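Subject: Structure handover

Hello,

Here is the structure you asked to look at. Please open it first and keep it beside these notes.

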Amino acid sequence: MKKKLFVGVAFGLTMVANLAYAEIATDYLQNVLQDNNGWPLATVCTGSDVNLRTDASTNCEVIDMMQRGDLFYVKEVVTRPDYTWCMGVTAKGQTGFMVSKYLEQAPRAATKIERFRAAFVSSTIYDGERLAKAMGDSFKYRPELVEELKEEVFHYAPHRYKVNFSWVHGEKQSDGTFHTIGVVHEDSGYDRNYNIAGLEVGQKFNVETIKAFSKNMNMIGWEDPYEIKADMKECYWYLKDTVDGQERPVEGFGIKINNGYISEIRYWHIPID
């Protein structure tokens, strides 16, 4: 039986929806966000049908409605006369604003390991519905958003599809569906400043910086490279899981280096046959 994995699977904290949470203290939140390289803080929605908005205002579009227990990775606090707002990313990869009184800090969220996990996860997750559709679930591709690669990044993924500001790599099927392989962030007009837990395209490649990043990746369960050297051209990490009784990679993350600088950032899921 063929199985598929989704990039947006949450590998963060497990939340219990019926816990009695208290409103997060925004002065505390502002101080915490300055620690650990400014990484986001994992919080939990404490209400039902709470609006996620496009701006820190009640006079703007509602992106989604958050439910009790939903994760929200807070990146910034914005104070307004009516409410104090938190800007962040949902577990579905949606960026927006929530009123702070409907948020509480997730368990152990302020620890270094969970701060790094929040930074990494909030940078690599995508809207699960869009991603599922891109993988072929009742979805017909839009030709203007799909292009055939001049050079195949993966021999089994000769096309790519635009999801938000990133490219999802895969293969366009004869029936018009699109099978997802991975996501590549590269130095283009769309995602030139894309940042994943401190790494970004155009950043000077520094062995000690990458070793520190690798140590953090290992801390959240990703297998680090065998050796990190100054002359390497690419560097990859893998997240493994037990599938049909065997341990195998299910997600991958990596960087490519060109002339001493990070030229490409990749994140992909690995299909299971």
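The model is predicted.

By that count, the protein chain has four helices and 17 strands. Of its 273 residues, 49% are buried. Among contacts between residues at least 6 apart in sequence, 54% join residues at least 24 apart.

Two loop residues

Asn259 sits in the loop between S16 and S17. Its phi is near 55°, a positive value in a residue other than glycine. Most residues other than glycine have a negative phi. Asn259 counts as exposed because its relative accessible area is 67%, and the cut-off for exposed is over 50%.

Ala197 also has a positive phi, of about 50°, and is not a glycine. Ala197 is found in the loop between strand S12 (195-196) and strand S13 (199-200). Is Ala197 buried or exposed? Its relative accessible area is 10%, so Ala197 is buried, the limit being under 20%.

Strand S16 also holds Gly254. With a relative accessible area of 0%, Gly254 is buried. Between Gly254 and Tyr238 there are 8.6 Å in space, C-alpha to C-alpha, and the two are 16 residues apart in sequence.

The cores

The largest nonpolar core has 26 residues. Those that touch the most other members are Phe120, Phe213, Met217, Trp222, Phe253 and Ile255. Two or more residues of this core come from each of H2, helix H4 (207-219), S15, strand S16 (246-258) and strand S17 (261-269). Which element gives the largest share? H4 does, with four residues. There is also a second, separate core of 23 residues, with Val32, Leu33, Val50 and Met66 among them.

Two helices in contact

H2 and H4 pack against each other with their axes 10 Å apart and at an angle of about 100°. H2 is therefore roughly perpendicular to H4, a term that covers angles from 65 to 115 degrees. On the H2 side, the contact is made by Lys112, Ile113, Phe116 and Phe120. On the H4 side, Phe213, Asn216, Met217 and Met219 take part. Six of the residues in this contact are nonpolar, one is polar and one is charged.

Salt bridges

How many salt bridges does the structure hold? There are two. Side chains of opposite charge can pair when their charged atoms come close.

Glu114 and Arg117 are both buried.

The other salt bridge is between the side chains of Glu223 and Lys240, at 3.1 Å from N to O. This pair links distant parts of the chain, 17 residues apart: Glu223 is in strand S14 (residues 222-223) and Lys240 in strand S15 (residues 234-243). Glu223 counts as partly exposed because its relative accessibility is 34%. Lys240 is partly exposed too, with a relative accessible area of 32%. Both values fall in the range between buried, under 20%, and exposed, over 50%.

Regards

Key: Residues numbered from 1 in each chain as written. Predicted model: local features only at pLDDT ≥ 70, side-chain atom pairs only at ≥ 80, totals over all residues. Heavy atoms only, no water. Salt bridge = Lys/Arg side-chain N within 4 Å of Asp/Glu carboxyl O. Buried < 20%, exposed > 50% of the residue type's maximum accessible area, 1.4 Å probe, protein only. Core = buried A, V, L, I, M, F, W, Y, C linked by side-chain atoms within 4.5 Å. Axes fitted to C-alpha atoms, helices over the stretch in contact; angles between N-to-C directions. Parallel < 35°, antiparallel > 145°, perpendicular 65-115°, else oblique. Contact = heavy atoms within 4.5 Å. Nonpolar A, V, L, I, M, F, W, Y, C, P; charged D, E, K, R; others polar.
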